[in-house]
Amino acid sequence: MIPEGPRLGGNPSRFRLKATPLITVMLGSMLTALPIIAQSPVLPPVGLLLLLSWRLLRPELWPAWIALPLGFFDDMMSGQPLGSAMCLWTLTMIAIDFSERRLIWRDYWQDWLIAGIAVIFCISGGLWFARLTGGGGTIALVAPQILWSVLLYPFVARQCAWLDRWRIMA
Amino acid sequence: MARPPSRRPGYDRKAQYGLFAGYVVAVSGAAVGLLLIVVAMFDPTGFAAIRSTAGEITRPISATMRQLVSGVGTVDEQIVAYFRAGSQNVGLRRQVDANRTRLIEAAAIEQENLRLKKLLKLVEDEDGEVVAARLISSSSSSSRRMARLNAGKSQGAYAGMPVRAPEGLIGRIQTAGPNTAEVLLLTDSQSIVPVRRAKDNIAAICTGLDDGSLEIRSLNAGNNPFKPGDIMVTSGTGGLYRPNIPVAIIVRVEGDKSIAAPLANPARVEAVIVQRPFEATVTRPAAPAPADEAAPAAPVAP
């Protein structure tokens, strides 16, 4: 009797291959549904971190426009003005695509650098959009969030890699 | 690791066009996102339907988890209280004794107040309570300060209604869905509450600072009359918020503004109460009678 579990040579279902990354990013965005009543932006944008992890781990997985529906979903969940993550995440994906044409060799540290820049761009951009639509606050308000989001990226990337192994092995 | 060659379609025309179309979609989508932001600049609650749909979807999850973890927000306090139990016990005992006499005094004053109000023929208006519900989640990854309420239009909670806890003011409802509502918390910089100092009637404006604290500005410019420890309550000016709801305690004075901490912490309150918007004019139904007397008297005066 062969035990159930990951094994080489099997064919994972198409649904699992396509849907696992999408579902994980959406679950990451849905973390704001946790019963935390925050008094400042404390929760890292887990949806964004997962999107970056999947994108940097599997460049062939998604076209750049995938950030549009995922960003829209994140806007619905996060409380940011609608369109904020749609715009910022898509711009980030396009920028990563173009940076890959320049970078010939890429390793772990460069991935982290790219993700760090993307996180800083998206969080401060989100703050700017929130200010435009009636909110307030300075960059000092989101600085802690930026810091631990950047620090959290390697962990999230690791979990993505682990999930990815499960995803492609039937 | 060398860069994966995935983004190069090579000589395949179809793949080249596909890649190009993908970028066109992405760029135009980003532009649409910007456009939505511009729309939101002029109409911040414009996409309320979409937001409340998300709220409705996540409501069962959030509400269930909220019931499971209602104590999590106060874990740190409970640990500290455990370590300081002895000295705290003595301190609290003394405080209880002091409070008991104050309570008796307050009861007497309340009686007197009631009698005086009857003399003035003021009718106490009803409390205006609509529904009691829980805050189930919040915009914890955004720089806006909103919370989601586990009650909506079907429970009678509509946009614009003030929300309070027993400890003090929480905020007001910004958008309401069928079963959930978005509450603009007191600490959001869009929230502006007219307040007054509890012990005298010095009026001020209370604005959120987005980081959990509030900014109190006195209405009479020039000097800042407030000191740390002053309690601010709603003044009822301009309607919406009922008068005498506790709002904040001043912790620091910075030039002509004061920094205050809200008295009700939304993370800690068990349940909140949605109230009807307050209208200052309904408190005096007997007003027309004196007005009739005053009208003939007016021409005599000059």
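**Note on a predicted two-chain model**

1. B:Thr187 is buried, because 24 other C-beta atoms lie within 10 Å. The cut-offs are these: a residue is buried if 20 or more other C-beta atoms lie within 10 Å of its own, exposed if 12 or fewer, and partly exposed in between, with C-beta atoms placed from the backbone. B:Thr187 sits in the loop between strand S6 (181–185) and strand S7 (192–197) of chain B. Helices (H or I, at least four residues) and strands (E, at least two) are DSSP runs, numbered from the N terminus.

2. On the conventions: this is a predicted model, in which local features need pLDDT of at least 70, side-chain atom pairs count only at pLDDT 80 or more, and totals for chains, interfaces and linings use all residues. Residues are numbered from 1 along each chain as its sequence is written, while chains are lettered from A and ligands numbered from 1 in the order in which they are written.

3. What does B:Thr187 touch, not counting residues up to four places away in sequence? In chain B, the partners are B:Arg145, B:Gly208, B:Leu209, B:Asp210, B:Gly212, B:Ser213, B:Leu214 and B:Pro262. From chain A comes A:Gln39. Two residues are in contact if their C-beta atoms, placed from the backbone, lie within 7 Å. B:Ser213 is 26 residues from B:Thr187 in sequence, yet their C-alpha atoms are 6.1 Å apart.

4. S8(B) and S9(B) form it, with five residues between them. B:Asp210, in the turn, has a positive phi of about 70°. The strands, S8 (residues 203–208) and S9 (residues 214–218) of chain B, pair in the antiparallel sense over five bridges. Pairing requires that DSSP finds at least two bridges between two strands. B:Gly208 has B:Leu214 as its bridge partner in S9(B).

5. S9(B) also runs antiparallel to strand S12 (residues 257–262) of chain B, joined by four bridges. Here B:Glu215 is partnered by B:Ile259 in S12(B).

6. Chain B as a whole has five helices and 13 strands. Of its 302 residues, 31% count as buried. Among its contacts between residues at least 6 apart in sequence, 58% join residues at least 24 apart.

7. Between the chains, 55 residues of chain A are in contact with 51 residues of chain B. On the chain A side, helices H3 (67–78), H4 (84–102), H5 (108–132) and H6 (139–168) each give two or more residues. H4(A) gives the most, with nine residues.

8. Helix H2 (residues 46–57) of chain A is mostly covered: 11 of its 12 residues are buried. Among them are A:Ser53, A:Trp54 and A:Arg55. The cover includes helix H1 (14–29), H3, H4, H5 and H6 of chain A.

9. Confidence: the model scores ipTM 0.81 and pTM 0.79. Chain B has a mean pLDDT of 80, and 83% of its residues reach 70 or more. Over residues 289–302 of chain B the pLDDT is below 50, and this stretch has zero contacts in the model beyond near neighbours in sequence. pLDDT is the predictor's confidence in each residue, from 0 to 100.
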